Amino acid sequence: MKVDIVASIADIDADAWNRLAGDTFPFLRHEFLHAAEHTGCVSAATGWSPRHIVISDRRGRLTAAMPLYEKTHSWGEFVFDWSWAEAYHRAGLEYYPKLVSTVPFTPAPSSRLLLADANDGENALRLVDAAVDLARESGCSSLHVLFPANQELKILSDAGMKLRKDCQFHWHNRGYRSFDEFLSTFSSEKRKKARRDRRRVREQGIEFRWLKGGQTNAAIWKDVYEMISTTFLRRGSMPYYDYAFFTTIANSLPDNVLVILAELDRSPVAAAIFYEGAGTLYGRYWGSDSHFDALHFETCYYQGIDYCIANGLATFEPGTQGEHKISRGFAPVQTWSAHWLARPDFFAAVGQYLSEERRHVERYMEALSGHSPYRDDTDGDDCRHNIARDGRNDQNPGRNMQQPK
């Protein structure tokens, strides 16, 4: 086997990469990663230097790969290690650069160890070992694998990495035939509130369009990106991905990109950008050029749920954080990351911290499960108990979670 470190996804054959990445997760596709690098959103200038690992057999065929970046900061990762960097700084040490295996700016669980043979544990370990070796040789402080698929946890743990637990809020389609049927599983109070939120949007005269990437054009993206940028600027930043990136992937992944556009008198007033994978909708950016009552919840959550029901999608992952999602039918779901630090003393301290943090996350998820909007006589109650059970039964996550949720 031949192991190479590649400084640009453009130097990897697109078909060969996509055979490993598959079609389940759109943001693992060569088209997505190439757009991120080609537009400069992911580059040394933005603190994301590609260091992709590829393994080839004797005939030059790609058999394994890992998306990997050398980082000079911790922005855009959504697994927070700022306190670790501060501890290094106080000790007079450099935490950056570090190596991170993830999809930039995309906090969605998916494969990080891309394999031609899903059962090729030898090549999976080879990828992790190659990443650790690269960290040592290049003077990086650490290696971090963010939002890996659940079936990869045991491999990462066996390779000597420490697992970190967190949670997101996902919606699960239980065979609903309509949004009203979904709401019928809510308690009376929560159902009335959801209907009131949706009614307020309609009463303001706002209508919605669902546009796949192939149905968009430059003018639509100009409006969408301006609204998103305006919303980000209110918070003191700009979107990680830019206009050129979105227009690029709308053309290269037209069936995976979804824009939900809110219009008043046929003029756009808000928009949300989603990606559609195999059975899952992923929510990402949102923006509006002015304030409308309940419009954020409608555009980002209720419209996404409507879309999933209409198109038979099993899961809706709207992104990180947001306890307000619970009252709208989203449930806490555990997510993971894996970490290795080059300095044994800091690695031991981080391992102890992660053990304590995991217990806090478990208590947090248990507490959140009591705020579900579902009636006790619906599937939502089963979901609640399953979440609480999963929060306790994870002493060996590699054994207990062989399949992604």
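User: What do the side chains of Asp197 and Arg200 meet in?
Analyst: They meet in a salt bridge, at 3.9 Å from N to O. Keep in mind that this is a predicted model.

User: Okay. Where do Asp197 and Arg200 lie?
Analyst: Both are in helix H7, which covers residues 188-203. They sit three residues apart, about one turn of the helix.

User: Why would that spacing matter?
Analyst: An α-helix has 3.6 residues a turn, so residues three or four places apart point the same way.

User: Is Asp197 buried or exposed?
Analyst: Asp197 counts as buried, because its relative accessibility is 5%. Arg200 is partly exposed, with a relative accessible area of 33%.

User: What about Arg199 and Glu203, what do their side chains do?
Analyst: Those two also meet in a salt bridge, with 3.8 Å from N to O. They are four residues apart in H7, so about one helical turn separates them. Arg199 is partly exposed at 37% relative accessible area, while Glu203 counts as exposed at 60%.

User: Switching topic. How many residues does the largest nonpolar core have?
Analyst: It has 47 residues. Phe32, Val224, Tyr241, Phe245 and Phe246 have the most contacts inside it. The elements giving two or more residues to this core include helix H1 (14-21), helix H2 (30-38), helix H8 (218-234) and strand S12 (267-276).

User: Which element gives the largest share of this core?
Analyst: That's H8, with seven residues.

User: Why do nonpolar residues end up together like that?
Analyst: In soluble globular proteins, nonpolar side chains tend to be buried together.

User: Then which residues form a nonpolar patch on the surface?
Analyst: Trp75, Phe80, Trp82 and Tyr240 do, and together they have about 430 Å² of accessible area. Take Trp75: its place is in the loop between strand S5 (69-71) and helix H3 (82-90). It counts as exposed because its relative accessibility is 52%, and the cut-off for exposed is over 50%.

User: Which residues in H4 are buried?
Analyst: Among them are Asn123, Leu127, Val128, Ala131 and Leu134.

User: And what follows H4?
Analyst: Gly139, with a positive phi near 75°.

User: Which residue has a positive phi although it is not a glycine?
Analyst: Ala294 is one of these, with a phi of about 65°. It lies in the loop between S13 and helix H10 (295-311) and is buried at 13% relative accessible area. Phe147 is another residue other than glycine with a positive phi, near 55°. Phe147 is found in the loop between strand S8 (142-146) and helix H5 (153-158), and it is buried at 3%.

User: What about the peptide bond from Tyr96 to Pro97, cis or trans?
Analyst: It is cis, with omega near 10°. Pro97 is found in the loop between H3 and strand S6 (98-101).

User: Last stop, Thr247. Which backbone oxygen lies 3.0 Å from a polar atom of its side chain?
Analyst: The one of Ala244. Thr247 has its place in helix H9, residues 243-252, and is buried, with a relative accessible area of 19%.

User: One more! How far apart are the C-alpha atoms of Asn173 and Leu313, and what is their spacing along the chain?
Analyst: The C-alpha atoms are separated by 7.0 Å, although the two residues are 140 residues apart along the chain. Asn173 is in the loop between strand S9 (162-172) and helix H6 (179-183), and it is buried at 18% relative accessible area.

Terms used
Residues numbered from 1 in each chain as written. Predicted model: local features only at pLDDT ≥ 70, side-chain atom pairs only at ≥ 80, totals over all residues. Heavy atoms only, no water. Buried < 20%, exposed > 50% of the residue type's maximum accessible area, 1.4 Å probe, protein only. Polar contact = N/O pair within 3.5 Å; in protein donor to acceptor, adjacent residues only side chain to side chain. Patch = residues over 30% accessible without salt bridge, like charges linked within 9 Å, V, L, I, M, F, W, Y side chains within 5 Å. Areas by Shrake-Rupley, 256 points an atom, 1.4 Å probe, with all protein chains shown as cover. Salt bridge = Lys/Arg side-chain N within 4 Å of Asp/Glu carboxyl O. Core = buried A, V, L, I, M, F, W, Y, C linked by side-chain atoms within 4.5 Å.
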